[in-house]
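Colleague: I would like a close look at a single part of this model. Please keep to what can be computed from the atoms.

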Amino acid sequence: MNSILIGKIVNIHGIKGEVKIYPYTDDIENLAKTKVIYLDKALEKKCDITCRVQKNMLLVKIKGIDTVEQAETLRDKEVYISRDSLEELEEDSYYIEDLLNLDVVDMNGNDIGILKYIFNTGANDVYEIETKEHGRIYLPAIRQVIKKVDIENKKIYVEIMKGLI
C-alpha cells in the first residue's frame, strides 16, 4: 500500500485530545472526509479519526488520544493517508509528494535542477529548485513558468522568465 503525505500536526486544540493538522492540499474539504490517518510513511501506525475543518486547518480527534498531554506527544508528526483512498485530481493538479525530487529542465531539455520544496504563498505555490550552478532558486508555479509536468518521466519543464535567476 502506498502512502501520501497530507499534512503535519502543528498544535493541540481544546482539552479533549484534539490536534490541529496543517494540510498540504487545497482540497481540505475532501480531506476532512478522511476516517483513517497514519503517523508513518509505511502505513503501520494507523489511527481512526473524526475530522472537521476550521480556518483552513483540520481539527482531528484520534481514537485513544483523550488528553492534552497525549495530544502534545503528536506535535510535529507528519500525517499520511493511503494513496488508494485519494480521489482523482483534476487535470494539471498534482500531489506535492509526487512533484518533490523531480528533475527540472528547460523546454530544450537542459538540466536546471531538482525540485526540493514547495511553498504555498496564497496567490500561487513557489517551487524551490536546487541547482548546481546557482544554488537554490525559487520559481513561481504559474503557467508562464511551469510549462509541463511529466510525472511518468519524472520531469518538470519550465521557461525561465527574465530576472528569475
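Which residues does I37 touch, not counting residues up to four places away in sequence?

Modeller: This is a predicted model, in which local features need pLDDT of at least 70 and side-chain atom pairs count only at pLDDT 80 or more, while totals for chains, interfaces and linings use all residues. Residues are numbered from 1 along each chain as its sequence is written, and side-chain values use heavy atoms, with hydrogens and water left out.

With contact taken as heavy atoms within 4.5 Å, I37 touches I21, K45, K46, C47, I49, I62, V79, Y80 and I81, leaving aside residues up to four places away in sequence. I37 also belongs to the largest nonpolar core, which has 22 residues; I21, I37 and I62 are the members that touch the most others. A nonpolar core here is a set of buried Ala, Val, Leu, Ile, Met, Phe, Trp, Tyr and Cys residues joined through side-chain atoms within 4.5 Å. Buried means under 20% relative accessible area, exposed over 50%, and partly exposed in between, with a 1.4 Å probe and protein chains only.

At least two residues of this core come from each of β1 (3–13), β2 (18–23), α1 (28–31), β4 (46–54), β5 (57–62) and β6 (78–82). β1 gives the largest share, four residues. The helices (H or I, at least four residues) and strands (E, at least two) are DSSP runs, numbered from the N terminus. In soluble globular proteins, nonpolar side chains tend to be buried together. A further core of 15 residues lies apart from this one, and includes I129, L139, I146 and I156.

Strand β4 also holds R52, which counts as partly exposed because its relative accessibility is 41%. Not counting residues up to four places away in sequence, R52 touches H13, E18, M57, L58 and L59. With E18, the side chain of R52 makes a polar contact of 2.5 Å. Such a contact is a pair of N or O atoms within 3.5 Å; within protein, one must be able to donate a hydrogen and the other to accept it, and residues adjacent in sequence count only if both atoms are side-chain atoms. The C-alpha atoms of R52 and A32 are separated by 5.6 Å, although the two residues are 20 apart along the chain.
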